[in-house]
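The sequence and the coordinates are shown first.

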Amino acid sequence: PALQNAELGKRAPRWIRDNEVTMCMKCKEPFNALTRRRHHCRACGHVVCWKCSDYKAHLEYDGNKLNKVCKDCYHVIIGCTDSEEKKRKGILEIESAEVSGNSVICSFLQYMEKSKPWQKAWCVIPKQEALVLYMYGAPQDVKALATIPLLGYTVDDTPKSADLPHSFKLTQSKSVHSFAADNEELKQKWLKVIHLAVKGETPECQNELQVS
């Protein structure tokens with residue numbers, strides 16, 4: 001979790017590594033090679049884009065020198081609140097770290113939709129919503145790329161491709177989602193949870209399914 005507001009600027013934060021995110025942790029704009037350089041907020045350690053890092057505040061841990069901080073930390077440190085932040089977060093805006101830490105199962109899987117190319121996604125089934133699969137670009141992303149409500153899907157676990165032997169498919173009328181795990185053990189762990197979820201059930205032995 002982020003440093004508590006009272007501690008901001010008093011202690012050096014844990015820096016989120018650049019490769020742990022694919023989007024700005026504040027405005028959720030995707031980073032790309034050209035336009036979005038990654039910056040670190042010196043107060044909370046989050047990775048943010050240039051627009052969200054365009055603030056400066058005096059930080060106690062750094063001898064009260066002026067440091068680059070993100071918009072949220074700036075408001076906390078100078079003591080004004082941003083009422084806009086209180087707007088309710090949408091369904092996709094559940095932070096990955098939040099759901100991964102309290103999940104039935106989470107790991108990287110390869111994912112393919114329709115005829116698009118395979119892509120790596122950080123997949124999570126949260127405990128409080130054990131019938132929904134959340135997909136993130138990376139484990140620290142603050143917004144999901146997609147969610148799949150699993151209830152009513154049909155599971156096909158016979159791999160179609162020799163390149164991805166540990167794959168499985170979820171189908172429901174016209175929507176088809178293909179996944180592939182790195183190994184058979186991981187695939188079986190996911191299937192164990194998914195087979196229950198498509199019937200509207202949740203796993204009893206949730207703790208056994210943590211996959212780091």
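## Salt bridges

In helix H3 (residues 184-197), the side chains of Lys189 and Glu185 meet in a salt bridge, with N and O 3.8 Å apart. A salt bridge here is a side-chain nitrogen of Lys or Arg within 4 Å of a carboxyl oxygen of Asp or Glu. The two residues are four apart in the helix, so about one helical turn separates Lys189 from Glu185. Relative accessible area is classed as buried under 20%, exposed over 50% and partly exposed in between (1.4 Å probe, protein chains only). On this scale Lys189 is partly exposed at 24%, whereas Glu185 is exposed at 56%.

The structure holds four salt bridges. One of them joins Lys26 and Asp72 at 3.4 Å, N to O. Because Lys26 lies in the segment before strand S1 (39-40) and Asp72 in helix H1 (residues 71-78), this pair ties together parts that are 46 residues apart in sequence. Asp72 is partly exposed, at 25% relative accessibility. Another salt bridge links Lys65 with Asp62, whose closest N and O atoms are 3.9 Å apart; Asp62 is likewise partly exposed, at 25%.

## Basis of the model

The model is predicted, and local features need pLDDT of at least 70, side-chain atom pairs count only at pLDDT 80 or more, and totals for chains, interfaces and linings use all residues. Residues are numbered from 1 along each chain as its sequence is written, and side-chain values use heavy atoms, with hydrogens and water left out.

## Strand pairing around S11

Strand S10 (residues 167-172) and strand S11 (residues 175-180) pair in the antiparallel sense over six bridges; pairing requires that DSSP find at least two bridges between two strands. S10 and S11 form a hairpin with two residues between them, and Ser173 in the turn has a positive phi of about 40°. Within this pairing, Leu170 stands opposite His177 of S11. S11 also pairs with strand S5 (residues 103-113), again in the antiparallel sense, over four bridges. There, Gln110 has Ala180 in S11 as its bridge partner.

Ser167 is located in S10 and is buried, with 9% relative accessibility. A polar atom of the Ser167 side chain lies 3.1 Å from the backbone oxygen of Leu164.

## Cysteines

A search of the whole structure finds zero disulfides, the criterion being a pair of cysteine sulfur atoms within 2.5 Å. For Cys73, the nearest cysteine sulfur is that of Cys70, 3.7 Å away, and Cys73 is in no disulfide. Cys73 is buried, at 4% relative accessible area. The sulfur of Cys123 is 9.9 Å from the closest cysteine sulfur, in Cys106, which is too far for a bond. Cys123 is also buried, at 0%.

## Overall architecture

The protein chain contains three helices and 11 strands, taken as DSSP runs numbered from the N terminus (helices: H or I, at least four residues; strands: E, at least two). From the N terminus on, the elements run β-β-β-β-α-α-β-β-β-β-β-β-β-α.

Of the 212 residues, 40% count as buried. Among contacts (heavy atoms within 4.5 Å) between residues at least 6 apart in sequence, 47% join residues at least 24 apart. The accessible surface comes to about 12,000 Å², of which 51% belongs to carbon and sulfur atoms; areas come from the Shrake-Rupley method with a 1.4 Å probe, and for residues only the protein chains shown count as cover.

Terms used. A polar contact is a pair of N or O atoms within 3.5 Å; within protein, one must be able to donate a hydrogen and the other to accept it, and residues adjacent in sequence count only if both atoms are side-chain atoms.
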